[in-house]
Amino acid sequence: MHLDSKDLLASILVDVAAIKQLGLGQWDLLIRQARSAELLGRLYVLLEERELLSHVPEAALRHLSAGSRVTSRHAELISYEVGQIHKVLWQLGIPIIILKGAAYVLSDQPSAAGRMFSDIDILVPKGDLARVEKALARNGWISTHLDDYDQQYYRKWMHELPPLKHARRRTVLDVHHAILPETARLHPSPQKMLATSVAVPGFEDLYTLCPEDMVLHSTTHLFHDGELEHGLRDLVDIDALLCHFSSDTAFWKRIVERASELDLVRPLFYALHYASRILQTPVPQEVIAQVEKIGGPNQLTLNIMDWLFMRGLRPDHISCSDSFTGMARWMLYVRSHYLRMPAHLLIPHLFYKAFITPLNERKAEKLAVERPTIERLLAQAKTGQ
Amino acid sequence: MKVSEYSPEEFIRQVRRDGVLLHIGPFSVRVRSSLEDVAAGIHLHYEDYVVSDQEFADFHVTVEPSRGFRKWFHPQVNFIFDGYTPFKPLPRDQAFAMFEWGLNWCISSFAQDYFLLHAAVVEKNGFAAVLPAPPGAGKSTLCAGLVSRGWRLLSDELTLIPVNEPRQVIPVPRPISLKNASIDVMRDFAPGAVIGPIVRDTTKGTVAHMRAPAESVLRGCETARLKWIVFPQYKPASPTILAPRPKTRSFMEIATQSFNFSILGETGFGILKQVISDCDCCDFIYSDLDEAIATFDSLADGQQDICAA
């Protein structure tokens, strides 16, 4: 079967039955692309659902089932971790919204199946941020990014605390107070999202976003993000969410209205545009046209975005790259910062990250090596040195 | 085709150009490197292993010099797994060792259809003895000694127990990593063994690799039945002591020494329970390698049952 190897994984995600025609060399590439895109577990689930596992060569199947073991375990751990977070925070009597992957698990979404999770994201009211942080700190969640600059970056400009890491379990928790930074150009209201959120059964004060907001959050996150190594995975999430929610025919009308209300039309357009192009998500043509009319880019911008995103949304694997992919990824990284911060903040920030941060890191590494450890001091004392 | 059928020069050229696909135990590894000593190290240590032109490889790895000024100033090398660099660079002379450590990382990170232990495992008469130990306990020396005296090497570092068959161990015979004093010990103990170049100043001290015995490689598809779990500890001038170890403590220690006990979740717990139930668990203290091997031989011959709890 002739498939452009750059789009091998995407083609199989669109037409899973096509695996029957793959040669061993193509399986080799498919597994590698899926691994780098963190979609091995997902691919396994899709093959299992369509009863195609018997058509997978043994050598490839081992990797798929290994990937599936990891993602099943992740899903278990996510549920446990959400429980732990809830145990700590419910006494504060504030609404906590679970976002992204963990929300898919809690609300039993098809997008949760076979998914890798790297951390948990929650949204809390801005006014309660200090109490939340204190309660978490008392229960073992420690701030990362201890560099003063980074702490200021997150707290002053971004929409979240610096990531918290649990001291014992090493799990990562991102606490947001909005879905976009205050310095960003778009301003979706977290209060509006809270007003329509859906309670999680069995957990007091725990919510997930309503379907339209769940999609809009995912689209905004993907098309505002600079690091697109998981771009295809996020697009797969969006495709799964859209397919699931659009079984309710009124969903399309609601999401277009909600996107306008929350000032998130542009990222929604990109999501619908690229999901239908890359994954052939069945989005009605008139919906895309309507969204484009309300807040889509002009033709030149769209051409540029196509040049960038059709490369950036591929797996970060050598078989998916051409000579411009590196440049495209770098430009998307700069774009994401441009979307997050105005130029007068952005330029000093990029300068700092490019030059000052590596110097500080090297200094810290040197200090760590020179600082005497307890063992060394005890050994010195013993030998009388 | 075997690695030994290439001349060293041909092999170096091939590894530099397209890489070679090595079959190591249940895994296929495509390795490429522009570095002569990596290719030469593989040619030396993997001479009995099969090379093929199979199009599917479990792991695609490269060992390459760092770019930029690090190419000439205190040169460094990187281990790259399919475009991803999991480690910080190491000094240039550790290139072959880095290939070995990198391969350990590949197996312990991705082979999740096995219960993976940080332990050596050897076999005699169809039965496997697993030797779990933290670094410095003398497990590699003991392992190298045993396989120089008739025991088969399944692995010196990674014990693979299939998730669906927890009574078995899968061989992944590879060069045995020797450290510091044990390099000279093995030179004396097994003068016929092939030991590669010595590399100093690694994070583990001075390191060299001993080639796996040819028979261990040839029998690399033969599984073994789990029978003993022996926790070794080298203690200078100590008599040889083999004593039963409570299964509860053995369980906890193995769980700690496992790479993926946590990932396997409840399945992992069930597997470990089965393994501990099936095996005789003991502590083993030794200082004399000949005596140590004699003890193991008597275990294998069924003459000694002191290990049974």
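This is a predicted model: local features need pLDDT of at least 70, side-chain atom pairs count only at pLDDT 80 or more; totals for chains, interfaces and linings use all residues.
1. Residues are numbered from 1 along each chain as its sequence is written, chains are lettered from A in the order in which they are written, and side-chain values use heavy atoms, without hydrogens and water.

2. Chain B contains 17 strands and 9 helices, taken as DSSP runs (strands E, at least two residues; helices H or I, at least four). Its C-alpha trace spans about 55 × 45 × 35 Å along the principal axes.

3. In chain B, 56% of the 309 residues are buried, meaning under 20% relative accessible area (1.4 Å probe, protein chains only). Of the chain B contacts with a separation of 6 or more, 70% are between residues 24 or more positions apart; a contact is heavy atoms within 4.5 Å.

4. The largest nonpolar core has 106 residues, and A:Trp27, A:Leu89 and A:Val175 touch the most other members. A nonpolar core is a set of buried Ala, Val, Leu, Ile, Met, Phe, Trp, Tyr and Cys residues joined through side-chain atoms within 4.5 Å. Helix α12 of chain A (residues 265–278) gives the most to this core, 9 residues. A second, separate core of 76 residues includes B:Trp101 and B:Leu116.

Conventions: Buried means under 20% relative accessible area, exposed over 50%, partly exposed in between (1.4 Å probe, protein chains only).
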